[in-house]
Amino acid sequence: MDVRELYRLFRSHPVVTTDSRHCPQGGMFFALRGASFDGNAFAVSALEQGCAAAVVDDAKVAATDSRLILVDDALATLQALAHYHRSQLRGKTVIQITGTNGKTTTKELVAAVLATESPVQWTQGNLNNHIGVPLTLLTLRDDGGFAIIETGANHPGEIAQLSRIVDPDMGLITNVGRAHLGGFGSLEGVMRAKGELYDYIREHAENETAKRKRGIFLNVSAEHLPKMAEGINAVRYGLTGAAGAEVWGEVMECEPFVKFRYRRADTSWQEVRTHLIGGYNIHNLMAAVAVGLHYGVPPRRINEALAAYEPTNSRSEYHDTGRNRIIVDAYNANPSSMAVALDNFDRLGAPHKMLILGDMLELGEESEAEHRRIVERVRDYETVWLVGGEYRKVALPGMRCFASVEEVKEVIGGISGRTILIKGSNATKLFLLPTLL
């Protein structure tokens with residue numbers, strides 16, 4: 001069955017699942033393989049639970065039921081179907097977002113701004129990889145408006161592959177920094193990998209008509225990005241004073257929430273008080289401003305959307321529990337995001353500051369050196385708790401080490417009167433701590 005035939009079936013059964021525990025009536029099941037599972041083994045069960053068809057890549061399984069569709073590779077077929085569906089959405093503008101830090105917050109801010117004027121669909125949760133992106137694309141409706149697609153990567157070539165599937169009209173890289181060094185090898189490797197989005201836009205913009213003019217939203221204040229973006233049609237934004245910016249902004253205060261202002265050359269300043277913690281969010285906010293203005297969203301609507309947005313999923317969250325003030329940024333951590341989080345915490349005017357830091361993962365051979373850098377950076381803090389084996393290797397005297405979040409939970413209940421930053425990679429599960437403080 002070629003992709004066009006499969007697409008006709010999808011149009012009749014437009015809900016796709018890869019999880020046999022969640023099989024919508026009349027949907028389609030794709031039998032994906034993983035390191036410890038084979039979806040083919042669950043294909044018949046998916047049909048029994050209500051799916052109308054299942055795509056498998058095991059011939060023996062396919063022979064058991066006429067509703068089982070045999071393909072060479074179920075994952076590649078899912079990706080091809082998603083790309084084909086995207087190609088049929090001629091009235092929808094697709095914006096692809098990637099970057100080392102801030103891509104999820106930027107995605108949500110952009111979606112909030114655009115949704116004030118148009119239909120918008122966007123990546124839910126962390127569905128930003130080679131499986132999540134196709135699943136997201138297959139939920140898109142042909143109703144015009146916008147689709148905001150987040151794409152992540154931990155090895156070279158992944159953004160290039162996802163860009164081919166997404167086929168974006170506009171691209172946005174939030175920044176490039178030191179993350180996933182185990183997969184990318186170096187900062188230069190990160191730049192090349194994230195830059196694959198720019199490469200796709202650059203390559204495909206050359207042969208297009210004015211009717212579809214691809215381009216990028218470019219943060220001219222972000223290190224490395226202007227050089228990487230040379231030769232691409234760009235909507236430029238940045239911090240006040242940034243050369244070439246069409247719209248610029250600056251932080252006004254951060255105690256604890258970010259208040260910022262922005263303007264274009266021909267307009268007056270617009271001021272917005274947000275629910276975001278951390279001055280580093282100015283770049284995410286300005287991305288949303290730039291996208292909104294480019295697509296004609298009035299500043300009043302932009303301001304309302306940004307002021308109303310409240311972060312979730314342990315990203316730049318603030319909690320005042322009555323006993324402690326807590327900043328939770330524990331969805332992920334790498335040397336770049338850790339540095340800006342600590343810079344912001346340094347500037348926060350508060351007594352009795354406390355750090356609870358979890359390991360930064362996927363740093364490869366650079367892991368020990370990067371964790372040692374952070375430990376040296378925070379050595380003068382009053383109270384430092386470190387969670388995980390990587391920090392234990394480099395901890396300094398006076399710093400308290402824990403093997404896991406479970407050990408922290410046993411002793412954290414007595415903490416009070418503190419302002420606490422909680423930050424670590426998602427796998428360290430530090431997001432479990434705020435409810436105990």
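Helices (H or I, at least four residues) and strands (E, at least two) are taken as DSSP runs and numbered from the N terminus. The structure is a predicted model, in which local features need pLDDT of at least 70, side-chain atom pairs count only at pLDDT 80 or more, and totals for chains, interfaces and linings use all residues. Residues are numbered from 1 along each chain as its sequence is written, and side-chain values use heavy atoms, with hydrogens and water left out.

Salt bridges were searched for across the whole structure. A salt bridge is a side-chain nitrogen of Lys or Arg within 4 Å of a carboxyl oxygen of Asp or Glu. The search returns 24 of them. One joins Glu368 to Arg372, with an N to O distance of 3.1 Å. Glu368 and Arg372 sit four residues apart in helix H15, so about one helical turn separates them. Accessibility is classed by relative accessible area: buried is under 20%, exposed is over 50%, and partly exposed is in between (1.4 Å probe, protein chains only). Glu368 is partly exposed at 37%. Arg372 is partly exposed too, at 38%.

Helix H15 (residues 367-377) also contains Arg377. Arg377 forms a salt bridge with Asp346, and the closest N and O atoms are 2.6 Å apart. Asp346 belongs to helix H14 (residues 335-347), so this pair ties together parts that are 31 residues apart in sequence. Asp346 has a relative accessibility of 38% and counts as partly exposed. Arg377 is partly exposed at 31%.

Arg273 pairs with Glu253, the closest N and O atoms lying 3.1 Å apart. Arg273 is in strand E13 (residues 270-277) and Glu253 in strand E11 (residues 247-254); the pair links distant parts of the chain, 20 residues apart. Arg273 is partly exposed, with a relative accessible area of 45%. For Glu253, also partly exposed, the value is 32%. Elsewhere, salt bridges link Arg33, Asp38 and Asp57 in a network.

Thr106 was examined separately. Thr106 lies in helix H5 (residues 103-114). With 0% relative accessibility, Thr106 counts as buried. The Thr106 side chain reaches the backbone oxygen of Gly102 at 2.8 Å. Contact means heavy atoms within 4.5 Å. Neighbours within four places in sequence aside, Thr106 is in contact with Ile97, Leu172, Thr174, Asn284 and Ala287.

Methods
Polar contact = N/O pair within 3.5 Å; in protein donor to acceptor, adjacent residues only side chain to side chain.
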